[in-house]
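Please examine the sequence and model shown below.

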Amino acid sequence: MLAQQGDFASHLEHLASVGAVGTEVREPADLNDLDGLILPGGESTTISKGLERDDLAERVIEFGREGRPILGTCAGMILLARDHLGLLDISVKRNAFGRQRASFEEELEIPAVAPGNSFPCIFIRAPWVEQSGPEVEVLGELDGHPIAVRQGSILALSFHPELSDDDRVHGAFASECREARSSGDR
Amino acid sequence: MAERGTFRVKTGLAEMLKGGVIMDVVDAEQARIAEEAGACAVMALERVPADIRRDGGVARMSNPAMIRGIQEAVSIPVMAKARIGHIAEAQVLESLDVDFIDESEVLTPADEANHIDKFEFEIPFVCGATDLGEALRRIGEGAAMIRSKGEAGTGNIVEAVRHMREITGGIRRLGTLSATELPSAAKDLGAPLEIVREVATSGWLPVPLFCAGGIATPADAALMMQLGAEGNFVGSGIFKSEDPERRARAIVEATTHFADPERVAAASEALGDAMTGIEMSALGDDGRLAERGW
C-alpha cells in the first residue's frame with residue numbers, strides 16, 4: 001500500500017476485511033516481498049513528487065513490469081498513466097468531471113470489476129481515460145468515457161472503492177495477488 | 001442516478017487530503033510554489049494569520065478575483081475561508097467553485113451564536129475545534145473535516161498540541177463508557193448523542209482530523225502526526241519564513257515520514273530561519289483567535 005499521501009488507511013481497512021495483510025510503503029525497501037501494490041486516492045501531484053523524492057518511482061515501475069498486480073484508484077490511475085509511471089498505455093484527463101462541487105456518487109454496473117450487483121462508485125474530482133493503446137481493456141464507462149481499465153495485471157479505476165462499504169474490488173485484488181504469488185517464482 | 005454533495009462525497013475529498021499539507025497562500029505565485037513543493041491543497045486568503053494579527057481590523061473573506069487567479073494557477077484543490085456564521089460569504093465561495101470552505105476563527109466572526117448550517121451546501125466545510133465537544137458540534141452542523149484551532153499566526157505549536165490532545169483524549173474517554181453513560185456524556189460535551197454514540201463505538205471521529213495553528217518546522221508537523229493528526233495545515237509558518245520553498249518541501253516530507261526521525265532531521269537541515277513566533281502569554285486575552293466560536 002503506497003503511503004506517501006492520500007486515503008491509504010481506507011484501503012488498508014478494506015484489505016483487512018477481505019483477509020489480506022497490508023503494509024505501508026514509504027521507501028524502496030518496503031516494496032520487497034509484496035505480492036501486490038495499491039496506489040491510493042489522494043493528490044496525484046503530491047504523491048508523484050513523493051515518489052521521486054523517496055526514490056520509489058523506478059522501483060514501482062519494476063514492480064509492475066515483473067507482472068505483480070497493481071490497483072490504482074483515482075490519483076493512482078493518474079500515476080499509472082503515460083505521463084507519470086507509464087505502466088498503463090493510457091492518457092488521462094485530470095479533474096475531468098470538474099471541481100469538488102461536481103463530485104458525485106453513483107451505482108454503476110461494472111461486471112468485470114465487481115460481478116453481480118451494481119457497485120457504489122464514488123467520484124472525487126475524478127479523472128477519466130482520454131485515450132488508450134491497443135493492449136488496454138476498457139472495463140467500464142460513464143457518459144462514454146472509460147472509468148475502469150486493465151492492462152495485464154494492472155487495474156485502474158477513476159472512482160474510490162475504498163470509500164464505499166463494498167469489499168468486492170479489494171476481495172478480487174487480494175485473490176489476484178494470491179494467484180500471482182502461487183504461480184510466480186517468488 | 002448521480003448524487004452530488006452527499007456526506008460521503010464531502011468527506012471523500014477530506015480523505016484524499018490525508019497525509020498531506022494544506023498551505024496558506026495569498027497569491028498565484030505562492031500557490032505555484034506550494035504546489036511545486038508538494039502541498040495537497042492550498043488555502044487562498046488575503047493575509048496570512050500573522051499579518052491579520054499585526055494589522056488588526058476586521059478580517060473578511062478573500063477577494064473573488066484573487067481566488068480565481070489561484071484556481072487558474074494550480075491543479076490541486078483550492079480552499080478559502082468564510083467568517084464564522086457568514087452564510088453569504090460561504091454562498092459566494094461555493095459559487096466560485098472553491099473545493100473546500102474553512103469556516104474560520106482566523107477571520108472576524110459574523111455571528112456570535114450560530115455557525116453556518118453546512119448541510120445546506122454541496123461543497124464540504126472544515127471547522128476548527130479546541131476539544132471533542134466543539135468538534136462534534138461542528139460535525140453535527142455538517143462539517144466534513146475537523147482541524148485543531150491551535151493559535152494561528154503565532155508559530156507556536158503549544159495550543160495545537162493542547163487541542164489535539166483534548167480531542168483524541170476525549171475520544172478515548174468516550175470509548176471507556178457504557179451505553180447507558182453516553183447520553184450524560186453527550187450532555188456534558190454539548191454534542192449530538194447520535195454522533196457521540198458513533199465516536200464511542202468506532203474510536204474515531206466520523207470525519208478526518210487535521211492539525212492547524214502554529215506549525216513552523218518539520219518537527220512540528222511530525223509531532224502533530226504522531227499525536228493523531230491525519231494531515232497538517234500550515235499558515236504563516238511557510239511564507240513568513242526565510243526560505244518558503246525549501247521549508248514547504250521539508251514540512252511535506254516530515255508529514256509523510258513523521259515516524260522516521262532521521263528523515264525529519266534530514267528535512268530540517270539548511271532551511272534558513274523559521275518565523276519568529278509569539279509566546280502565548282504575550283497575546284493577552286483579546287489576542288486569542290481560538291476563543292472565537294463555541
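Arg147(B) has Phe210(B) as its bridge partner in S8(B). This is a predicted model, in which local features need pLDDT of at least 70 and side-chain atom pairs count only at pLDDT 80 or more, while totals for chains, interfaces and linings use all residues. Residues are numbered from 1 along each chain as its sequence is written, chains are lettered from A and ligands numbered from 1 in the order in which they are written, and side-chain values use heavy atoms, with hydrogens and water left out.

Strand S7 (residues 145-148) of chain B pairs with S8(B) in the parallel sense over 2 bridges; two strands pair if DSSP finds at least two bridges between them. Helices (H or I, at least four residues) and strands (E, at least two) are DSSP runs, numbered from the N terminus. The open sheet has 8 strands in the order S8-S7-S6-S5-S4-S3-S2-S9 (chain B), with parallel pairing. Its edge strands are S8 (209-210) and S9 (232-234) of chain B, each pairing on one side only.

A salt bridge is a side-chain nitrogen of Lys or Arg within 4 Å of a carboxyl oxygen of Asp or Glu.

| Salt bridge | N to O distance |
|---|---|
| Lys18(B) and Glu15(B) | 2.9 Å |
| Arg147(B) and Glu105(B) | 3.0 Å |
| Glu159(B) and Arg162(B) | 2.7 Å |

Arg147(B) is buried (under 20% relative accessible area; exposed is over 50%, partly exposed in between, with a 1.4 Å probe and protein chains only).
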